[in-house]
Amino acid sequence: MRFFLESKKLMLLALGIYVILRLSFSFDIVSEYIEQITIYVFIVILAATGLNVIYGYTGQFSLGHAAFYGIGAYTSAYLAKTSGLENFLFFPAMILAGGLMAALVAYIIGIPILRLRDDFLGIATLGFGILVRVFLDNSDRISETLGGSRGFTGIARLTNLEIAFFVTVFLLLVTRNFISSRYGLFWRCIKEDETASASIGIDTARMKLMAFVYGCFLAGVAGALYAHLYTFLHPSNFDFLRSIDFLIIVILGGMGNIAGTIYAGLLWVGFIEGLRIVLPANIVDLRWVFIPLLLIVLMMWRPYGLMTKKKG
Amino acid sequence: MEQASYIAAQVINGLQLGAVYALIALGYTMVYGILRLINFAHGDIFMLGAFVAYFLISRFGMPLYLVFFATMAVTALSGYLMEKIAYKPLRNAPRISLLITAVGVSLFLEYFCSLRSIFTPDYIGFPRPFEMETYNFSPGGFEFSFTNVQALIFAITFSALVLLYLLVYRTKQGRAMRAVSYDQETAALMGINIDNTVSLTFMVGAALAGMGGVLYGIAYPQINVFMGIMPGIKSFIAAVLGGIGIIHGAVIGGLIVGVSEVIVSAFLSSTYRDGVIFVILLIVLLVKPSGIFGKRSDKV
């Protein structure tokens, strides 16, 4: 109960946003496409927050975040489909299963690879991401349902505004509390100086692993929501560029800044999808010429993220 | 015996691919050594090299040796511009912003080149500059063969490597490069022009990648604007395998990556070939994070 009381203002804000969205969805003010994008924004924010915990707060460079997103997506979709429990009653369990599977895999590979630092950790996670991609491409050898490189089709559409919104808001609040807890303090210490943290008695290996597992859990949950929103999964949805997408959101929002991640996620997805709507059909291909240019300019203008003018 | 010949043939094919990876990996390793930047756009410079060579051969019918020099000049220039326009303003920014910028440059090059009015997003057949010939050898019943394409690739990669060694270890510029990669601030205090040294590093790396692009086009005559992505990532892996910042490490790493990729395609399944490299990478990183030849003090 304390959990809810302490974040009363945020809860009210979230409720207000929900009511506005629900009304505009119910009265068909926005098209179905925009509804889908809106739900997708929450999913992206959730996954990017996971990366923010790992990289922004704890300083563990990861270039393979999309792999855990994919593991969550495939796990929950596979479980839902093979068990036949494709209904709203069991959906929360399927989401949880996706998150837990991602967390389990993160735990297993985190123990060895989190010993690496900086770019080496980045390369190792990038390698792991590509390994997962290869695995998904060949997954039809394990089970026909997974579809391999043809893609996983026919997933029930269970993700709606309510589930995506409240799962995301709930987990963001949990994350916020985590960050301000003792563990969050240890994480931030490790980011500033790992050796000094170890010397004052922080179990750095354990704390890094904890942050990594928790961040990947969020990615897995986001993946499960994604699978049941778009009803189709393909290994290429979870490749290196998707990992970079999450990284861009974390950097634009500012490292170690949850509110920043929310704004940046909204802006990034809104901008990419918005261009698709705004640009006339004959130059819509130019979108991906402008987006990288914008990214380069943004990095020059605000190298510490959109919200921060200078370091500190 | 037949099995042995088949393995030998696959190893030679692997070395051919590995030599191209090695040329790309050299640029990665040099830039990383000097700026600590994973230059994701380096794979796209390789793509650019293949396309420049394609136009020079098919439109202008240029002889092959001139194609090499012209392509290297064009890619060196693009490497120079890339550094000056996109990376230099961020010299004092956090390294992660630089990395995101590199991704931005990479995406820009790919999608800009894929426009219908530039290179188009289609696969394009690379013209054969000369007829392919196969040389057969059978010392003591053990048969193996290689083609003139492979001979060309090995000869050019080897000579590029020798020239690069001379540049880095026998010239004043090379000494400046090593000094900057060792300690940028102190190097600046010793009167080394950091900007020029960084530019030179980018240009040399881009020229080598351009050369790799030409050789790749000759050996695997299908080119596409997105062809640089996977070779780029694999070459960076190769540089890490060999020990980042070490020239011969990048070459050996490239050859290991090329050979294991081809062997896995031949004996297991080509769908697993991307996976095996990363398994090797993870093992090497866990056993020796600084790479096969890595020592802390031995950078570029």
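Where is the place of A:L12 in chain A? A:L12 sits in helix α2 of chain A. Helices here are DSSP runs of H or I with at least four residues, strands are runs of E with at least two, and both are numbered from the N terminus.

The model is predicted: local features need pLDDT of at least 70, side-chain atom pairs count only at pLDDT 80 or more, and totals for chains, interfaces and linings use all residues. Residues are numbered from 1 along each chain as its sequence is written, chains are lettered from A and ligands numbered from 1 in the order in which they are written, and side-chain values use heavy atoms, with hydrogens and water left out.

A:L12 is exposed, at a relative accessible area of 56%. Buried means under 20% relative accessible area, exposed means over 50%, and partly exposed lies in between (1.4 Å probe, protein chains only).

A:L12 belongs to a nonpolar surface patch of about 720 Å². Helix α2 (residues 8–26) of chain A gives the largest share, four residues. Patch residues have over 30% relative accessible area and no salt bridge; nonpolar side chains (Val, Leu, Ile, Met, Phe, Trp, Tyr) are joined within 5 Å, like charges within 9 Å. The areas come from the Shrake-Rupley method with a 1.4 Å probe.

## Helix α3 of chain A

Helix α3 of chain A covers residues 32–57, 26 residues in total. From first C-alpha to last, α3(A) reaches 36 Å, close to the 38 Å expected at 1.5 Å a residue. That expected span is 1.5 Å times one less than the number of residues.

α3(A) bends by about 30 degrees at A:L51. The bend is the angle between axes fitted to the seven residues ending there and the seven starting there. α3(A) is mostly covered, with 22 of its 26 residues buried. Just after α3(A) comes A:G59, with a positive phi of about 75 degrees.

## A hairpin in chain B

In chain B, strand β2 (residues 134–137) pairs with strand β3 (residues 144–147). The pairing is antiparallel and runs over four bridges. Strands count as paired if DSSP finds at least two bridges between them. B:Y135 stands opposite B:F146 in β3(B). Six residues lie between the strands of this hairpin, where B:G140 takes a positive phi near 60 degrees.

Most residues other than glycine have a negative phi. A:D118 has a positive phi of about 45 degrees, although it is not a glycine. A:D118 lies in helix α6 (residues 118–137) of chain A and is partly exposed at 49% relative accessibility.

B:T120 also is not a glycine, and its phi is positive, near 65 degrees. B:T120 is in the loop between α4 (95–113) and β1 (124–125) of chain B. B:T120 is buried, with a relative accessible area of 18%.

## Salt bridges

How many salt bridges does the structure hold over all chains? There are 18. A salt bridge is a side-chain nitrogen of Lys or Arg within 4 Å of a carboxyl oxygen of Asp or Glu. The table gives some of them.

| Pair | N to O distance |
|---|---|
| A:R117 and A:E194 | 3.6 Å |
| B:K84 and B:E83 | 3.9 Å |
| B:K88 and B:D195 | 3.6 Å |

A:R117 and A:E194 form a salt bridge at 3.6 Å. This pair links distant parts of the chain, 77 residues apart: A:R117 in the loop between α5 (91–113) and α6 of chain A, A:E194 in helix α9 (residues 194–199). A:R117 is partly exposed at 44%, whereas A:E194 is buried at 15%.

B:K88 and B:D195 meet at 3.6 Å. The two are 107 residues apart, with B:K88 in the loop between α3 (64–87) and α4 of chain B, and B:D195 in helix α8 (residues 194–219). B:K88 is partly exposed at 31%, and B:D195 is partly exposed at 27%. Shared partners join B:E83, B:K84, B:K88, B:R91 and B:D195 into one salt-bridge network.

A:F217 is in helix α10 (residues 204–230) of chain A. A:F217 is buried at 15% relative accessibility. A:F217 and A:G148 are 69 residues apart in sequence and 23 Å apart in space, C-alpha to C-alpha.
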